[in-house]
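Dear colleague,

My notes on it follow directly after.

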Amino acid sequence: MRVSFSRFALVLALTGISFSATPSVAEFRCAAEISYRWVKTPEDPPPVPPGPPAALEKGKKDPAPAPTRPPPPPTPEPAMVKMMGIERSGADEAAAKAALQVEADKQRIRASDLCKRDHESFGSCLATKLNNRASVLNSLSFKTRQELEKALSDECKRQQGTCISVEVSEAKCSEVGGTKAGGSPPVADKKADTKKK
């Protein structure tokens, strides 16, 4: 039993020495943002009131000109929704960018699904909003619950549209952590710490 414990202690000590002797190397961290663009469905123009009758009665003047159709509403501008920021690390900048690209591809699919759920499917939008507020809805009176459900329904109607694209911002990479080979990590000044206390 003593022999195996002493071997374990020896291995542990040698491992500690080998880790402390190895120079630490800085790693790279890359970050990007995932967002999507969507455009609101244009609202239908108001109905045109019916025009005057075609035949004129005797003795009456010409009818007023027929009402003109109002101009169509302006085409809505696409909106950008920032979904999330992603960050990945690697031993060098190329490895960090590669890891970031893999994660960006996964999150791109998620952003597309989220956009479709919130903007292209009224049923999915309403179901998600009701599910997120289920605990609140269950605690309300019937009338208040009905009003809240109507408000959520109106909110989903207002945000109906078409998803255009999912975008990933350009990766921003920086060197973080560690020290360069041969250097030592900075040591905190103990005297300054004791004076602060």
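This is a predicted model, with a mean pLDDT of 77 over the chain; 61% of the residues reach 70 or more. In residues 17-23 the pLDDT falls below 50, and the model gives this stretch 2 contacts beyond near neighbours in sequence. Residues 179-197 likewise have pLDDT under 50, with 10 contacts beyond four places in sequence. Where pLDDT is low, the predicted coordinates should not be read in detail.

I then examined helix H5, which comprises the 17 residues 142-158. From first C-alpha to last, H5 reaches 24 Å, close to the 24 Å expected at 1.5 Å a residue. Leu152, Ser153 and Cys156 are buried in this helix. Viewed down the axis of H5, the buried residues lie within an arc of 100 degrees, so they line one face of the helix. An α-helix has 3.6 residues a turn, so residues three or four places apart point the same way. The buried residues of H5 pack against helix H3 (122-132). Lys143, Lys150, Lys157 and Arg158, on the other side of H5, are exposed.

One further residue may interest you: is Glu103 buried or exposed? Glu103 belongs to helix H2, residues 93-120. Its relative accessibility is 12%, and because buried means under 20%, Glu103 counts as buried. Apart from neighbours within four places in sequence, Glu103 is in contact with Ile86 and Arg88.

With kind regards

Notes:
Residues numbered from 1 in each chain as written. Predicted model: local features only at pLDDT ≥ 70, side-chain atom pairs only at ≥ 80, totals over all residues. Heavy atoms only, no water. Helix = DSSP H or I, 4+ residues; strand = E, 2+ residues; numbered from the N terminus. Expected span 1.5 Å × (residues − 1). Buried < 20%, exposed > 50% of the residue type's maximum accessible area, 1.4 Å probe, protein only. Arc of directions from axis to C-beta. Contact = heavy atoms within 4.5 Å. pLDDT = per-residue confidence, 0-100.
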